[in-house]
Amino acid sequence: MQVPQTELDGALQEVHITCTLPPNFSSLLFPTYIVEEESKSISLAYHMFEDLGLINRWQFSHQTLTRFLLMVKRGYRDPPYHNWMHAFCVGHFFYSLCKAVDISKYMTDIEVLAMLIACFCHDLDHRGTTNAFQVASRSVLACLYSSEGSVMERHHFAQTFCILNTSGCNIIECLDTENYKTCLDNIQKIILATDLAQHLRIISQQKEMAATGYDFNNPHHHFLLLSLVITSCDLSINVKMFEESSVIVRDHIYSEFFSEGDMEKELGRTPMQQNDRKKACIPSLQIKFNDFILAPLYTLLIKLLPPAQIVVDQLEENRLIWESISIKHNQEENHNCVKYDNYT
Ligand SMILES: COc1ccc(Cl)c(-c2nnc3c(C)nc4ccc(C(=O)NCC(C)C)cc4n23)c1
Ligand SMILES: [Mg+2]
């Protein structure tokens with residue numbers, strides 16, 4: 001898929017002219033959804049590469065990086081949640097993590113580059129449905145990938161590979177053969193690590209690593225850390241201020257979950273409670289998700305990267321607010337489980 005030259009020229013100019021940073025842009029808690037998707041997100045994504053020193057370190061050309069980012073943005077569909085703005089937020093969380101901690105103590109240069117590329121590409125061409133739904137609906141992607149698992153994540157990497165193989169868009173073409181292969185292998189591992197089922201399979205090893213201490217010379221520790229960091233970035237909407245987090249959870253994430261549940265009912269299947277708009281109670285589901293996934297994840301992240309402590313503080317504040325909503329709901333007859341005021 002080629003990017004029309006006129007659009008590219010326009011974007012090239014945009015990237016140069018409109019790169020005035022919003023205040024606190026490099027903060028871990030920056031409210032990323034305030035960025036207007038169309039104009040500024042590409043310029044700000046470009047700035048993240050520049051500010052992390054990746055353009056100088058790897059001698060990226062301005063044109064190729066801009067074309068790459070345009071192609072990635074165009075590679076996303078427009079479901080309620082898994083769209084370009086989600087990818088932008090995931091990339092931004094990694095960028096702000098790199099600004100908060102000395103990431104070179106944990107990752108090589110190539111791994112930092114692979115992480116930022118994978119963040120922006122990790123959900124390419126997402127349809128707003130889960131791996132389980134691909135298999136249940138016998139989708140084309142399930143036919144292609146279900147024997148290996150992580151159906152959507154394998155597709156997201158395949159789409160990434162296509163963009164890097166599109167002339168004029170391959171930002172890593174200037175790497176030498178060894179670095180090119182290492183970078184691509186890392187991008188694939190990182191994108192596959194965004195499957196939450198995979199995260200649940202390796203979290204015990206990550207806990208063990210955090211207990212014994214990170215060993216930079218241990219390649220498996222690098223794999224476990226890259227996986228922990230990308231999952232932390234992928235779920236980072238949950239560690240933003242409650243006002244932003246709760247609206248995205250309700251109006252974007254659960255909107256996708258409920259649409260999938262509607263489609264499952266049409267297939268004659270019974271959706272999980274979280275996907276059933278008639279049964280789901282978001283505050284109590286959030287508390288469960290927090291205790292089952294979010295708290296163990298970010299507690300581990302902070303054990304390994306202590307300067308990012310602020311995200312655990314925000315997560316705990318958000319849990320308290322979800323709990324207060326849940327208690328208030330339980331006191332009300334016929335409360336509406338999906339609509340809630342911001343109790344802050
Ligand atoms: C890292 O990968 C993903 C992929 C897709 C999504 Cl939507 C999310 C995600 N981001 N925020 C949320 C919130 C607030 N609630 C969620 C509740 C359940 C699940 C889910 O996938 N449950 C099945 C699993 C345990 C096997 C994901 C949820 N989630 C993360
Ligand atoms: Mg994903």
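Biologist: How many residues line the largest pocket, and which lie nearest its centre?
Modeller: This is a predicted model: local features need pLDDT of at least 70, side-chain atom pairs count only at pLDDT 80 or more, and totals for chains, interfaces and linings use all residues. Residues are numbered from 1 along each chain as its sequence is written, chains are lettered from A and ligands numbered from 1 in the order written, and side-chain values use heavy atoms, with hydrogens and water left out. On a 1 Å grid over the protein atoms alone, a pocket is an open set of points with protein on both sides within 12 Å along at least five of seven lines, a cavity is a set where a 1.4 Å probe fits but cannot get out, and lining residues have an atom within 4 Å of a point. The largest pocket has 44 lining residues, and nearest its centre are Thr130, Leu196, Phe257, Gln274 and Phe289.

Biologist: Which element gives the most to the lining of the largest pocket?
Modeller: Elements are DSSP runs numbered from the N terminus, with helices (H or I) of at least four residues. Those giving two or more residues to this lining are H7 (131-136), H9 (151-164), H11 (196-212), H12 (219-234), H13 and H14. The top contributor, with seven residues, is H13.

Biologist: How much space lies in the largest pocket?
Modeller: Its lining has 18 nonpolar, 17 polar and nine charged residues. A volume is the space filled by probe spheres set on the grid points, which are joined across faces, edges and corners. For the largest pocket that gives about 1200 Å³.

Biologist: Where does ligand 1 sit?
Modeller: A molecule sits in a pocket if more than half of its atoms lie within 2 Å of the grid points. Ligand 1 sits in the largest pocket.

Biologist: Which elements give two or more residues to the shell around ligand 1?
Modeller: The shell holds residues with a heavy atom within 4 Å. They are His82, Thr194, Leu196, Asp234, Leu235, Asn238, Ile253, Phe257, Gln274, Gln286 and Phe289. By class, five are nonpolar, five polar and one charged. The elements asked for are H13 (242-266) and H14 (282-304).

Biologist: Which side chain has an N or O atom 3.3 Å from a nitrogen atom of ligand 1?
Modeller: A polar contact with the ligand is a pair of N or O atoms within 3.5 Å. The side-chain contact to a ligand nitrogen, at 3.3 Å, comes from Asn238.

Biologist: Which helix gives the most to the lining of the largest cavity?
Modeller: The structure holds two cavities of 30 Å³ or more, and the largest has about 60 Å³ of space. Its lining is Asn238, Ser245, Gln286, Asn290, Leu294, Leu315, Asn318, Arg319 and Trp322. With four residues, the biggest giver is H15.

Biologist: Which helix supplies the largest share of the lining of the second largest cavity?
Modeller: This cavity has about 50 Å³ of space. Its lining includes Thr32, Tyr81, His86, Cys233 and Asp234. H5 (84-100) and H12 each supply at least two lining residues. The largest share, three residues, comes from H5.

Terms used
A polar contact is a pair of N or O atoms within 3.5 Å; within protein, one must be able to donate a hydrogen and the other to accept it, and residues adjacent in sequence count only if both atoms are side-chain atoms. Ala, Val, Leu, Ile, Met, Phe, Trp, Tyr, Cys and Pro count as nonpolar, Asp, Glu, Lys and Arg as charged, and the others, Gly among them, as polar.
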